[in-house]
Structures are given as structure tokens and as C-alpha cells.
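Open your viewer and keep the selection panel handy. We will go from stop to stop, and at each one you will hear what to select and what is there.

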Amino acid sequence: MAIVEVKVPQLSESVAEATLLQWKKKAGEAVAIDEILIEIETDKVVLEVPAPSAGVITEIVVADGGTVVSDQVIAKIDTEAAAGAVAAPAPAAAAVAPAAAAAAVAAPAATGGSKSDVAMPAAAKLMADNGLATGSVAGSGKDGRVTKGDVLAAVAGGAKPAVAAPVAAPVAASVAKPLPAVAAPVAQNLGDRPEQRVPMSRLRARIAERLLQSQSTNAILTTFNEVNMAPVMEMRKKFQEKFEKEHGVKLGFMSFFVKAAVHALKKYPILNASVDGNDILYHGYFDIGIAVGSPRGLVVPIIRNADQLTFAEIEKTIAMFGQKAKDGKLGLEELTGGTFSISNGGTFGSMLSTPIINPPQSAILGVHATKDRAVVENGQIVVRPMNYLAMSYDHRIIDGREAVLGLVAMKEALEDPARLLFDI
């Protein structure tokens, strides 16, 4: 027997722990080298864990929903075994305190229950949530123990809740179980007013934490302006076909917003700075975060050294980020850092919003939908494609003057794109 350990990939310094999602293989099943065994969710990205060698999984050390750290062993593979030759042991319950785990096992025995009545801590909690009595779910784990998968299958199969509270419920309630990244919704039968309780994913919980942190630590103020997008639209229309033919990517509006933002940040460096204790940290580079919606939540990948990139390079980078976000393939290095961010709610039809600063940055630009509006030019009412810009900033270090002038600089650059070519 030659055992190879499957370990958690090295996480970044800013990520202390991660959560296992769902195993794609079971103990006793054969795997090929580099076959994806499970995905691990951090508070920033989802990482895939491939099989380091071909063989048969002999043991799943940490079950679905378990909390893990860098280099932790989560499974074992026998490189010399044949499929089916290895008995499938029950997945170990993750991150359960030894005393609590012992209590969970001992409680049924004290009341005369057999081993087949014993539920793993996570399974016992899930049974309690669904009102299932001890012994009502058949166990497939070691010695007949009930696993979380057994309970989920029973719930899906329409298992009836018990009238009395199950014996295992009080014990399971005391077990500190990690929050699953992917959990079956717990439905409540309320007639024509149903509800579902679904735990937050690690990413969603992290988003909530950072947004609250931003509002509680920054003195957020938002300044607004409007921009006539006609010049950008005309330039885009004129060069779109040639641009796409030359560079293999469409010329979008976001590259103009990125260029206009960098243009303003160069003029007013405080907008590109951040607070570090009692110091102001001025950044001599321009790493622009682009807020992107993904199936797992909002992420902000970073365009590094945006001031040194061409329009085509910016568009290609944004397109790459969009696809990676959709596929859940963004890496930690692509989401770390950033000196200024842009959020484009206009893609969803937003007319106006007040974006929240992405810590530790000090300002963020909100872009919205471009709509034809009646405006006054030279005393005449005319129709122009207008976009409302909103820039939220940390008033602790950015005064209203710099914020307003910075947004005006962005407006002027967009209304006269030639300024971007000559940096004026």
C-alpha cells in the first residue's frame, strides 16, 4: 500500500482558513491524477483541489463544510489499490471540539441507544433543525452512524418531523460546527407563506463583514456629477470595427472610465491614497479594482498598473476577469490590493447610487446607466446621452475640494476624450 495525502493548497497570508464545499468522490472510488476532488472556498476565491496521484481514495479526512487551513490533510489516496477494494469509511466531522464530540457520542448511549442510533454532530444538528427524531434516519457511516448526507437524503425523501423534540437535539446544539459553504436550504412549511433558511457562504459573509467595516471606520461622503457621454459614444462608434479587428476585443465603455479615473488620480493623488493608522499612505502606482458580479457574490479583481495599459489591454483584462468570475476561477493574487475602485451599476440599469468604499482604499467611483435626457446647452434645451457619476470618499483624509475637483476631472476627460491622449 502506497498512501498519498491530499492537502489544502497554500492559502495567502490574508486568508487564515477556508471551507470545503462538496466532495466529488467518495472513499473507495478510483481517481485519476489531476482529477478535481473538491473545491475549497475562502473569503475571496474558490480553489480547486486536484488528485496528486492516480489511485483509490482510502479515507475522506474532512467532510463537506469542514473548516481547514493551509497544508491540512483532507483525504488519502492508495496509489496501488483497485477501485472497490477499499471500504468506505465515514467522513470525519470537521472542526468539532473533542469534548463536544465525545458528548454527542456518549449521550445516546446513556439513554440506551445503540451505535446505529448515533448521529455525527453535523447530522444531529441538521436532524434537530428538521425536527427528525433519533432513530428515524438510517445511518450509512461507520458502525451505522448517521451522517449529514443521510439526513439530507431523508429530508429530500420527505421524512416526517417528530412530534416531540428529539433526544439528540440538545446535545447537538452545543457542538461548535463550522458554517457550511453549500448547505441544503431548510424549508419551513407555513402554508402559503413558505420560508427557507440558507447559511451564508464564506464569501458572502466576508462581503458583509467588509461592508460593515467600511461604513464603521470610514467617514463616507459622496459627491455627484453628470457627464455627457456623446463624445465617447461617437469615438467608440467610429473606431469599434477597426479596434476589434486589430485587437480581437470589443471597445467598451469601461476602458474610458478607467482611463478617466487614472487621469484624475494623477491630478489629485489623495484620491489614490489610503489610511494606515495615523498616517496617509500615498501610492505611486494605479491599481484599479473593477467590481464584478459573480454567482457567488461581488468580487473586485484588480487591474495592475492601469496607467501603463492601452485601451485594448484594459478591455482584454476586464473581459478575462468577467469570464473568470463567472467560472469561479479568479485567483487570490487577482483580488488582492487595489488603490481605487470602479463599480458599474449601469449594466443592471441603475440610474444613481452611493457606492461603498472598498477598504483600505479611500475612494470609489460609481458609474450608472447612460440615458437620453433633456439638458440645457447655451440656453437651449437639447437631448444628450447623460450618465450620472457618484464618487464616495473617506472624508478623514479627502476634503470636499479634492473630491469634487477629482470627479470634475473625470467628467472633463470623458466629455473630451482627447485629453486622455495628451494628459491634460
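One term before we set off: a crossing is left-handed if the near helix is turned anticlockwise from the far one by less than a right angle, and right-handed if clockwise. Helices (H or I, at least four residues) and strands (E, at least two) are DSSP runs, numbered from the N terminus. This is a predicted model, where local features need pLDDT of at least 70 and side-chain atom pairs count only at pLDDT 80 or more, while totals for chains, interfaces and linings use all residues. Residues are numbered from 1 along each chain as its sequence is written, and side-chain values use heavy atoms, with hydrogens and water left out.

**The whole chain**

Show the chain as a cartoon: its secondary structure comes to 10 helices and 21 strands. Of its 424 residues, 44% count as buried; buried means under 20% relative accessible area, exposed over 50%, and partly exposed in between (1.4 Å probe, protein chains only).

Now select H7 (residues 254-267) and H8 (residues 311-327). They pack at an angle of about 115 degrees, with their axes 9 Å apart. Here axes are lines fitted to C-alpha atoms, for helices over the stretch in contact, and angles run from 0 to 180 degrees between N-to-C directions. The crossing of H7 and H8 is right-handed. Show side chains for Met254, Ser255, Phe256, Val258 and Lys259 of H7, and for Phe311, Ile314, Glu315 and Ile318 of H8, which make the contact (heavy atoms within 4.5 Å).

**The largest core**

Which residues touch the most other members of the largest nonpolar core? Select Ile74, Val258, Ile288, Ile303, Phe340 and Ile342, out of 77 residues in that core. Helix H7 gives the most to this core, with nine residues. A nonpolar core is a set of buried Ala, Val, Leu, Ile, Met, Phe, Trp, Tyr and Cys residues joined through side-chain atoms within 4.5 Å.

Centre on Ile303: not counting residues up to four places away in sequence, its contacts include Val258, Phe286, Ile288, Ile314 and Phe321.

**An enclosed strand**

Next, select E18 (residues 340-344): four of its five residues are buried, so this strand is largely enclosed by the rest of the structure. E14 (residues 288-290) and E18 pair in the parallel sense over three bridges (two strands pair if DSSP finds at least two bridges between them). Find Ile288, whose bridge partner in E18 is Phe340. Four bridges join E18 to E19 (residues 363-367), and these two run parallel. One to pick out is Ser343, with Gly366 as its bridge partner in E19.

Follow the loop between E18 and E19 to Pro360. The peptide bond from Pro359 to Pro360 is cis, with omega near 5 degrees.

Five bridges join E4 (residues 36-41) to E5, and Ile40 has Leu47 as its bridge partner in E5.

Finish with two loop residues. Asp34 is found between E3 (30-31) and E4; its phi is near 70 degrees, and it counts as exposed at 54% relative accessibility. Asn378 lies between E20 (371-377) and E21 (380-394), with phi near 55 degrees and 81% relative accessibility, which counts as exposed. Most residues other than glycine have a negative phi, and most peptide bonds are trans.
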